[in-house]
Amino acid sequence: MREWDPLTASATEIASIVALLNEAMAIDLPDDPLWHDGSMRDYLAVTMPGERKVMWLAEETTGDAGRGIPPLGGANVLLVGDIGVMEIVVHPKARRLGVGRELLSQVVKRAADQGYTALGVEVPGETSAVEFYHRFGFTCAFTEVRSVLDLSSVDWFALGELAAGVGAGYKLDFYSGGPPLDMYAAYAAAKAEVRESYDLGDLELRPSSYEPQRLQASINTLAARGLKLYVVVAVHESSGEVAGLTEVVVPQQHPTRADQYDTVVVPRHRGYGVGRAIKARMLFELRSAEPGITQVQTWNAAINEPLIRVNQELGFVPDRQWLEYEADVADLVTRLGIS
Ligand SMILES: CC(C)(COP(=O)(O)OP(=O)(O)OC[C@H]1O[C@@H](n2cnc3c(N)ncnc32)[C@H](O)[C@@H]1OP(=O)(O)O)[C@@H](O)C(=O)NCCC(=O)NCCS
């Protein structure tokens, strides 16, 4: 077990991590596209300003990863706000041998040393991780549904009607790399307003950006991690307000599958077809900007019915539950017998 820093790791070590992820994915999420080593070092290392990420590797013999042998497992914790957000992956051939428990112990020790009181983790449903986190007293705080849209199944004619079906007085614009600078304040305000009006109760393991400075930082961070951001914004022409927005990210690390991030429609602009139109327009833009994309995946709170309905109209098919688990650090320290 050793602490590991992607910034100083050799290219061979980075490739070993990609192999570990892919060999785990083949078992846990066999329908997901494989990881590519595109900007993987940056993807692993770069964080938002003020956040810190610590990583560990478990190897049979120290230095295996540097010799091109995939490690037995890896873990990382992102120390953000007052919660540590962690990930643990153990190679399928090394499971049920206590490697996961040892990696979890490293994370818990560090979180306790740094004064963090809670740990959160996103767990794909129907994987061994569910039992593992239950075993250590984690509880499920929030449930989402992951849905996948296969672009080859899209009825582009019907989609065109959805994209055009927005009420009069709204202007839709597409931007690569994020909204233009002079729109940051209105863009962040729309996100903040929706967040306040509609608290879904999630743990904010993927925090959003509700004020312009943080928005700027998050756009820069995405770019530095090799994640290409596209947005479609609906502007209410008479007030100049951002009425709705949708964000899609294309990661160099899995370039055939895009991730649909936030879609928000400000409450007073609901009922004019904005949500449907911005998401439909995004798919058209994506098709021409990123011809290599074959699928788009998205996560919705199980209780966010309006958005789930829009996604179904667009052809997204629910795939599996995605669970947010949390546990108290003090409780984990006791359970794991950490002194
Ligand atoms: C979850 C995971 C990290 C566990 O790693 P591990 O090294 O096998 O875990 P451990 O051996 O330390 O298990 C500790 C305890 O957790 C529980 N546990 C772990 N896996 C379990 C399983 N498949 N079924 C039931 N209980 C399980 C058991 O109580 C186990 O103790 P035991 O073996 O003495 O009964 C590993 O299965 C994994 O990487 N899963 C996939 C993670 C993921 O999210 N993948 C998707 C992206 S690639």
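This report walks through the overall fold, the ligand site and a handful of individual residues.

## About the model

The structure is a predicted model, in which local features need pLDDT of at least 70 and side-chain atom pairs count only at pLDDT 80 or more, while totals for chains, interfaces and linings use all residues. Residues are numbered from 1 along each chain as its sequence is written, and side-chain values use heavy atoms, with hydrogens and water left out.

## The protein as a whole

Let's start with the overall picture. The protein has 10 helices and 12 strands; these are DSSP runs numbered from the N terminus, with helices being H or I runs of at least four residues and strands being E runs of at least two. Its radius of gyration is 21 Å, close to the 20 Å that the globule rule gives for 339 residues, so the protein is as compact as a globular protein of that length. Here the radius is taken over C-alpha atoms, and the rule is 2.2 Å times the number of residues to the power 0.38. The C-alpha trace spans about 65 × 40 × 35 Å along its principal axes.

Of the 339 residues, 52% count as buried, meaning under 20% relative accessible area; exposed means over 50% and partly exposed is in between, with a 1.4 Å probe and protein chains only. The accessible surface of the protein comes to about 15300 Å², and 51% of it belongs to carbon and sulfur atoms. Such areas come from the Shrake-Rupley method with a 1.4 Å probe, and for residues only the protein chains shown count as cover. Among contacts (heavy atoms within 4.5 Å) between residues at least 6 apart in sequence, 73% join residues at least 24 apart.

## Around the ligand

There are 18 residues around the ligand, of which Val90, Arg96, Gly98, Gly100 and Ser128 come nearest. A residue is near a molecule or strand when one of its heavy atoms lies within 4 Å of it. β4 (83-90), α3 (99-113) and α4 (128-135) each supply at least two residues of this shell, and α4 gives the largest share, with five residues. By class, the shell holds nine nonpolar, three polar and six charged residues. In this scheme Ala, Val, Leu, Ile, Met, Phe, Trp, Tyr, Cys and Pro are nonpolar, Asp, Glu, Lys and Arg are charged, and the others, Gly among them, are polar.

Some polar atoms can be picked out too. A polar side-chain atom of Asp28 lies 3.2 Å from a nitrogen atom of the ligand. Polar backbone atoms take part as well: that of Arg96 is 2.7 Å from an oxygen atom of the ligand, and that of Gly98 is 2.8 Å from an oxygen atom of the ligand. Taken alone, the ligand exposes 940 Å², and the protein buries 77% of that.

## Two buried loop residues

Gln253 sits in the loop between β9 (241-251) and β10 (257-265) and counts as buried, at 0% relative accessibility. A polar atom of the Gln253 side chain lies 3.0 Å from the backbone oxygen of Arg225. Not counting residues up to four places away in sequence, Gln253 touches a set that includes Leu34, Trp35, Ser39, Tyr43 and Arg225.

Asp32 is in the loop between α1 (11-28) and α2 (40-45), and it is buried too, at 13% relative accessibility. Its side chain makes a polar contact with the side chain of Arg257 (3.4 Å). A polar contact is a pair of N or O atoms within 3.5 Å; within protein, one must be able to donate a hydrogen and the other to accept it, and residues adjacent in sequence count only if both atoms are side-chain atoms. Beyond its neighbours within four places in sequence, Asp32 is in contact with Met25, Arg146, Arg257 and Gln297.

## Two residues with positive phi

Most residues other than glycine have a negative phi. Ser39, in the loop between α1 and α2, has a positive phi of about 55° although it is not a glycine. Ser39 is partly exposed, with a relative accessible area of 25%.

Glu126 lies in the loop between β5 (118-124) and α4, and its phi is also positive, near 60°. At 68% relative accessibility, Glu126 counts as exposed.
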